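Subject: Structure for your review

Dear colleague,

Please find below the structure that I am handing over to you. My notes on what was found in it follow directly after.

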Amino acid sequence: MSVMNNIYQATDENITYAASVIKEGGLVAFPTETVYGLGANVYDAKAVASIFAAKGRPSFNPLISHIAEKDFVKEYAKVDSRVLALADKFWPGPLTFVLNRIDDNPALDLACAGLKTVTVRMPNHEVALSLIKKSGVPIVAPSANKSQTISPTTAQHVADSLGDKVDVILDGGACRVGVESTIIDVTGKNVVLLRAGGIALEDLENFLGEKVLISHGNPDLPTSPGQMLKHYAPAHELRINAARRENGEFFIGFGDVADCDLNLSPSGDLCEAAANLFAYMRLADAQNKYPKLAMSPIPEKGLGLAINDRIRRAAYKK
Ligand code: TXA
Ligand code: MG
């Protein structure tokens, strides 16, 4: 166990400092009632990309946006009376909704993993709520641990797992619930449980007065492309690992390439490329000048793994 100097007691003053780090594009680990989250400004794609880099995630999972006021959910998701009733009953608390997205801001694309859904919860923890309010933006946060390891329930767990990859760790003591939030998909007619967690299935069913369907996919272990990530597949055919543009191709470059229509990162920075990926794919798909798309090779290291995972799916031919 190491004693890190990036652990800060969650005093009002330190929360204000942590909020300034969020506003500047940094990463802040913070306590919630379930587990510690690794937070960034949801609208800052570069900061969101650095979450994936810090966690060492080999793919882009959609992330949960944490909000401090129930009503904020209406700003970027389609909500009906069923969702509002559930939020009234269980928020703040360990219940997360997958909702249809209405905010088309491309800055949100990476947090949403390019999906047309947005995933939201209001945590029941004073420190988390204060941090979100002081930051003035929703805070996107997966659990604050390395990919494939156990979720952290103390500040020290975060330090042990992520060390100096996080700018600030706010120490608010041990998490009360200790397991992650329950995730439900409320985009369709039936409510579907995607992950069991802090709110019991029975409590949801009793409140709703109906059965909740159970998804057979575990969102943490997507078994097949498109199972969890019902991916936004581009309408245009995509050729990957393309050294150069061929006739009839819209070319998305990476690094030092000439003659491209967009460049994910002219300097070859994988974090910048990840931040631009979804927005550029969207732009490329929206153009009508060329019938096909092509993309430069992306190095298979760091965030390149997640980028390649994503573009392989996009290039997959049925
Ligand atoms: O308690 C929690 O939920 C904690 C605290 C920090 O809020 N957060 C958390 O986030 O556990 P994370 O990223 O470690 O787990 C969220 C899971 C991921 O497996 C993600 O793939 C899945 O939820 N998920 C999020 N949005 C989804 C969506 N639109 N469709 C399917 N799965 C989704
Ligand atoms: Mg997790």
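This is a predicted model: local features need pLDDT of at least 70, side-chain atom pairs count only at pLDDT 80 or more; totals for chains, interfaces and linings use all residues.

A salt bridge here is a side-chain nitrogen of Lys or Arg within 4 Å of a carboxyl oxygen of Asp or Glu. By that criterion, R101, D104, D109 and R282 are linked in a network of salt bridges.

Domains and their contact

The domain assignment divides the protein chain into domain 1 (3-214) and domain 2 (237-315). Their centres, taken over C-alpha atoms, are separated by 29 Å. Domain 1 brings 17 residues to the contact and domain 2 brings 15 residues. Between them the two domains bury about 1200 Å², and 70% of this lies on carbon and sulfur atoms. K46, F60 and D109 together supply 40% of the area that domain 1 buries against domain 2, more than any other three residues.

Polar interactions also join the two domains: there are three salt bridges between domain 1 and domain 2, and three residue pairs are in polar contact, both residues being at pLDDT 80 or more. On the side of domain 1 that touches domain 2, α2 gives the most, with six residues. By class, that side has nine nonpolar, three polar and five charged residues.

The buried residues are A45, A47, V48, A49, S50, I51, F52, A54 and K55. They pack against β3 (37-41), β8 (139-140), α6 (155-162) and α8 (270-286).

G56 follows α2 and has a positive phi, near 65°. R57 lies in the loop between α2 (45-55) and β4 (64-66). R57 counts as buried because its relative accessibility is 15%, and buried means under 20%. Leaving aside neighbours within four places in sequence, R57 is in contact with F52, L63, P142, S147 and A306.

Further salt bridges

The structure holds 15 salt bridges. Side chains of opposite charge can pair when their charged atoms come close.

E33 and R121: the side chains meet in a salt bridge at 2.9 Å, N to O. E33 is buried, with a relative accessible area of 1%, and R121 is buried at 2% relative accessibility.

D269 and K46: the closest N and O atoms of this salt bridge are 3.9 Å apart. D269 is in the loop between β15 (262-263) and α8, whereas K46 is in helix α2, 223 residues apart. D269 is partly exposed, with a relative accessible area of 29%, and K46 counts as partly exposed at 41%.

D88 and K70: the side chains meet in a salt bridge at 3.5 Å, N to O. D88 belongs to helix α4 (residues 81-90) and K70 to the loop between β4 and α3 (73-76), 18 residues apart. D88 counts as exposed at 55% relative accessibility, while K70 counts as partly exposed at 28%.

With kind regards

Conventions. Residues are numbered from 1 along each chain as its sequence is written. Chains are lettered from A and ligands numbered from 1 in the order in which they are written. Side-chain values use heavy atoms; hydrogens and water are left out. Helices (H or I, at least four residues) and strands (E, at least two) are DSSP runs, numbered from the N terminus. Buried means under 20% relative accessible area, exposed over 50%, partly exposed in between (1.4 Å probe, protein chains only). Contact means heavy atoms within 4.5 Å. Domain bounds come from an automatic or database domain assignment. Buried area is the accessible area (1.4 Å probe) that two parts lose on being put together, summed over both. A polar contact is a pair of N or O atoms within 3.5 Å; within protein, one must be able to donate a hydrogen and the other to accept it, and residues adjacent in sequence count only if both atoms are side-chain atoms. Ala, Val, Leu, Ile, Met, Phe, Trp, Tyr, Cys and Pro count as nonpolar, Asp, Glu, Lys and Arg as charged, and the others, Gly among them, as polar.
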